[in-house]
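Please consult the sequence and the structure before reading each solution.

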Amino acid sequence: MATRWLLRLSLFANLAFIMRTVLYGACYNTAPVDDGDDMMNEYQDTLSKSRADNDQKLLRLRNITKSPSSPKVNSNTRGAVPMPDLPVGQCSAEQLRAIKRQLPSEDCEKHQRAPFNQRCSHTYATKCPDQVWVDDFYTRFHTNSNSTLQESLVGIFVGCNKGMDAVDTLRMLSGNPKFDKNKWRDTFFRSKTLGKTDKNAGVCLQAVTPMFEIPEGTQAVDAMVHCIEPLPVTARELSRSARELGWASDGLTVSHAAVARENGMALFPDGGQLGKENNGIANGCGNNCKEVTVYDLDTYVEKYAPDVPINILSIDVEGYDSDVILGGNRTLRRVEYLEFEYNWMGSWRAMPLSTLISHLDQMGFTCYWPGFDRTIWRITGCFLKHYNLHYWSNVACINRRMDSVRSVAETMETMFLETIERGDGALRDFDHRFVRNISKYVP
């Protein structure tokens, strides 16, 4: 009953967006435009629709989740002082043409009735991003760090799954080699071989890909990562692994909870495959159910991570990522780097990506499609209409108002310009998609 109630609540909350989704659908079958002036007109038309139609929606969202001023934090804390917003430039017609050539719309339009087949360019491009701009930033941070931080570095993973990314992020934030993903994998699976199998290595092979490389001479700093997981069987194994490795009291906080747009309770299946990656709040649980506490993001953070900058916020909740974001306006003001999944399931069905990108833009975030092989495409200010076709993809956003990550913003923008300069060398159609190959890492 609780799951059905939450699903109805989410659908009612997003009902105002349905008409907009239908209106966008009328545009999906238009032919690609090659002329520069027409390309700019297409972009401006999409942009003006997004802004004009979204104004009332965004205002309503802010009234629902109205935030007070940002909480006070120690002025000596890295990332504590927000900076004046930097305006985001609009892509030129030439840049839009280059982006559309690299991220073509044809497959997205052709397969839109079967989005679960993942036949779209922004899926091909972002399925397993390498996000080197984050790794490079923390490599430089530890190389230059004097270990005099006033606050711990903080990461939050909403939808922790097997914990591989959370553990590697804790290693990256802290610079502490004891946070070893290989040790975690063997402890979590209670086996030195099981986690290396194709079935259990993760969608992006997180269990077998290399760990963050800590620079030589690094002095470890205090860091904490919140690993939030609603599935009871997975949460139990996460907690057990953290305790057995001695990390539960040393930086890895496992929370058995769900995060959504509003506080409440929900039923989740207690059993099944360990670390199942496509089981969310609306999947149902049959007869073997357990009631799980549901927080909105602001409530969770104010309870467990108050008054500190959030260095990394990762959201992966199988179709309800937009709900988590909309329940976290106060939290977002102190998030440096945000990553989330775009999807065709859950509340995404009634939420155009353009609406959420506009919302995040007005909160100071510049968002990109993060790719592999050092590729990245800016979404903010460069929105193409086929992006509103819902397919599973990843989105990465940097808070341009945070001076502490200004260099990350600059790196991401530079890499975006370099990506479009690569022309067909960065084409992401079906023949140039990410291909999962476990043999590359496991003999």
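**Exercise 1.** Determine in which helix Y300 and Y304 lie and how many residues apart they are.

*Solution.* Both residues belong to helix α11 (residues 297-304), helices being DSSP runs of H or I with at least four residues, numbered from the N terminus. Their spacing is 4 residues, about one turn of the helix. The model is predicted: local features need pLDDT of at least 70, side-chain atom pairs count only at pLDDT 80 or more, and totals for chains, interfaces and linings use all residues. Residues are numbered from 1 along each chain as its sequence is written, and side-chain values use heavy atoms, with hydrogens and water left out.

**Exercise 2.** Classify the aromatic pairs that Y300 forms with Y295 and with Y304.

*Solution.* Step 1: rings of Phe, Tyr and Trp (its six-membered ring) pair if their centres lie within 6.5 Å; planes under 30 degrees apart are stacked, over 60 edge-to-face, and the rest tilted. Step 2: the search of the whole structure finds 17 aromatic pairs. Among them, Y295 and Y300 are 5.8 Å apart centre to centre with 70° between the planes, hence edge-to-face. Step 3: for Y300 and Y304, 4.7 Å and 40° give a tilted pair.

**Exercise 3.** Is each of Y295, Y300 and Y304 buried or partly exposed?

*Solution.* Buried means under 20% relative accessible area, exposed over 50%, and partly exposed in between (1.4 Å probe, protein chains only). Y295, at 12%, is buried, as is Y300, at 0%. Y304, at 34%, is partly exposed.

How values were computed:
Helices (H or I, at least four residues) and strands (E, at least two) are DSSP runs, numbered from the N terminus.
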